[in-house]
Amino acid sequence: MPFLSLIERDETRAASMASMMLCRASPLRRFIFVVTAIVPVGTAGPKAAILAYNDRPVTPFVSEKMKKRDPENTIHADLSRDSDYTGYLQLDRLLSAQVPLSEPAHHDEMLFIIQHQVAELWIKLVIHEIGGAVRFMRADQLPQAVKNLARVRHIQSQLYNQWKVLDTLTPSEYAEFRHVFGRASGFQSAQYRILEFTLGNKNRKMLGYYEHQPEWYEQLEKALESPSLYEEFLMYLARRGMAVPRHVLERDFSVVRDSDPEVIAVLRSIYENRGENWSRYETCEALMDIANNFQFWRFHHMKTVERIIGHKRGTGGSSGVTFLKKALDMEFFPELLQVRTEIGADD
Ligand code: HEM
C-alpha cells in the first residue's frame, strides 16, 4: 500500500486515528506513515482530511531493461549515395542549407531559418497539388481534383500549426539577430505570390519586385495570366452545361473581375441541388476551406509578427503589422461567400 489517505469529519478523531496508525506501523515492515497535511475540504464535505502515506513503496520498483531491436539480416547494408535515403532526398544539400549569418551563430537564428524553409517547402507542395487539381478539372475528372484539394487543406494545417513553434521566439531574442538578414522579408517569397495568383489574387504590380530574378519572373507572369483554380472550376461547370456566362470565361485572367450575379446563381443551384451535384458541391466547400485556411494563416502570421516586433517597420520596408492587417480583408472567392447570403433566402 504505497499511499493511504484518511478523511475524517472530526479533526480530533482524525488526529487520533493518524497517531494510531503511526503506532501500528511496524519498523520491521518499514512502513512509515507521515501526516502530511490537514486540508479543509469545504463545509458540505468532511471538515478535515489527513493524508498519510508510506514514503517507501511496498512494491519495490522493478527496473525493466530497455527493449532492444536487432536489425534484420535482410536489411540492405551495401548502400551508395545514389540509391540510398540520403542521396534520393538530397539531404546533403538540404541539410547544409541552414546557414546562420550571425557571428557567433545566434542559437535562435536556426529556428528562424528552418521555420521559413519548411513553410517554403509546404507552399511548394500546395502549388504542386493545385496544379494536379487543375489538370483533373481540365480532364473533367472532378472527384479526382477534390482529392488533391483535400491534401491541400491538410498541408495548410501544417503551415498553420507551424506558427506555434515561432511563437516561442521572444522580441529580445529576435532583436539580437534581426540585423543579419538586412532587407530580406517573407514579402519577397515568389512562391507565396504564385500561390496567391493561382488562387485568384492577381496583381501585376507584384511582378515588378522580381525583375532582377528572371527565373521567378517567368513563373509569376505565367501564374498571373493563367486562369485561377476557381476559374478552372467555372470552365468545368460551363462544359457540363451550367450557365456560366462567356464574358467570365473568355477574358484577361491577369485582372480581378467584379462578382457576377449569373455565376452566383450557378453556385446557388449547386448548393440547392447538392444531391445531383455532389462533386461540384464538394469542390465549392473545398475552395471555401482553402480560402479560410489561407486567411487563418495570414491572421496567425500577423499576430506572431505583432508579438515579436510590435509595430516596428518590416525588414521588407512596409509598415509591418498595419500592412499585414490589410490582407485580412482580401477574399479569394467572393462569389462563394456571396452565395451564402442567398442560399435558403426568400427570393
Ligand atoms: C520572426 C518572424 C517573422 C516576422 C517578424 C515577420 C515579419 C513580416 C513583416 C513585417 C511583413 C510585412 C512586409 C515587410 O515589411 O517585411 C511580412 C510579410 C510576409 N511574411 Fe513574415 N515575418 C516572420 C515570419 C515569417 C515566416 C516564417 C513566413 C513563412 C514563409 C513569413 C512569410 C511572409 C509572407 C509571405 C509575407 C507577405 C505577406 C503579404 O504580402 O501580405 N513570415 N513578414
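Helices α8 and α9 pack at an angle of about 15 degrees, with their axes 8 Å apart. Here axes are lines fitted to C-alpha atoms, for helices over the stretch in contact, and angles run from 0 to 180 degrees between N-to-C directions. That angle makes α8 roughly parallel to α9 (under 35 degrees is roughly parallel, over 145 roughly antiparallel, 65 to 115 roughly perpendicular, the rest oblique).

This is a predicted model: local features need pLDDT of at least 70, side-chain atom pairs count only at pLDDT 80 or more, and totals for chains, interfaces and linings use all residues. Residues are numbered from 1 along each chain as its sequence is written.

**The chain as a whole**
- The protein chain has 15 helices and three strands. Helices (H or I, at least four residues) and strands (E, at least two) are DSSP runs, numbered from the N terminus.
- Of its 347 residues, 18% count as buried. Buried means that 20 or more other C-beta atoms lie within 10 Å of the residue's own; exposed means 12 or fewer, and partly exposed is in between, with C-beta atoms placed from the backbone.
- Among contacts between residues at least 6 apart in sequence, 64% join residues at least 24 apart. Two residues are in contact if their C-beta atoms, placed from the backbone, lie within 7 Å.

**Helix α8 and its partner α9**
- The crossing of α8 and α9 is left-handed. In a left-handed crossing the near helix is turned anticlockwise from the far one by less than a right angle; clockwise is right-handed.
- From α8, the contact uses Ala 190, Arg 193, Ile 194, Phe 197 and Thr 198. From α9 come Trp 216, Gln 219, Leu 220, Ala 223 and Leu 224.
- By class, this contact of α8 with α9 has seven nonpolar, two polar and one charged residues. Ala, Val, Leu, Ile, Met, Phe, Trp, Tyr, Cys and Pro count as nonpolar, Asp, Glu, Lys and Arg as charged, and the others, Gly among them, as polar.
- In α8 (residues 190-198), Arg 193, Ile 194, Glu 196, Phe 197 and Thr 198 are buried. Their cover includes α4 (109-138), α9 (214-225) and α10 (229-239).
- Just after α8, Gly 200 takes a positive phi of about 105 degrees.

**Helices α4 and α10**
- The axes of α4 and α10 come within 9 Å and cross at roughly 15 degrees. That makes α4 roughly parallel to α10.
- Ile 130, Ala 133, Val 134, Met 137 and Arg 138 in α4 meet Leu 229, Glu 232, Phe 233 and Tyr 236 in α10. These contact residues divide into seven nonpolar, no polar and two charged.

**Around the ligand**
- Of the 24 residues around the ligand, Ser 185, Gly 186, Gly 314, Gly 316 and Ser 318 come nearest. A residue is near a molecule or strand if its C-beta atom, placed from the backbone, lies within 6 Å of it.
- The elements that give two or more residues to this shell are α4, α13 (278-309) and α14 (321-326). The largest share, four residues, comes from α13.
- By class, the shell has twelve nonpolar, twelve polar and no charged residues.

**Backbone exceptions**
- Most residues other than glycine have a negative phi, and most peptide bonds are trans.
- Gln 90 is not a glycine, yet has a positive phi of about 50 degrees. Gln 90 counts as exposed because it has 10 C-beta neighbours inside 10 Å.
- Asp 140, also not a glycine, has a positive phi of about 60 degrees. Asp 140 lies in the loop between α4 and α5 (142-161).
- The peptide bond from Glu 103 to Pro 104 is cis, with omega near -5 degrees.
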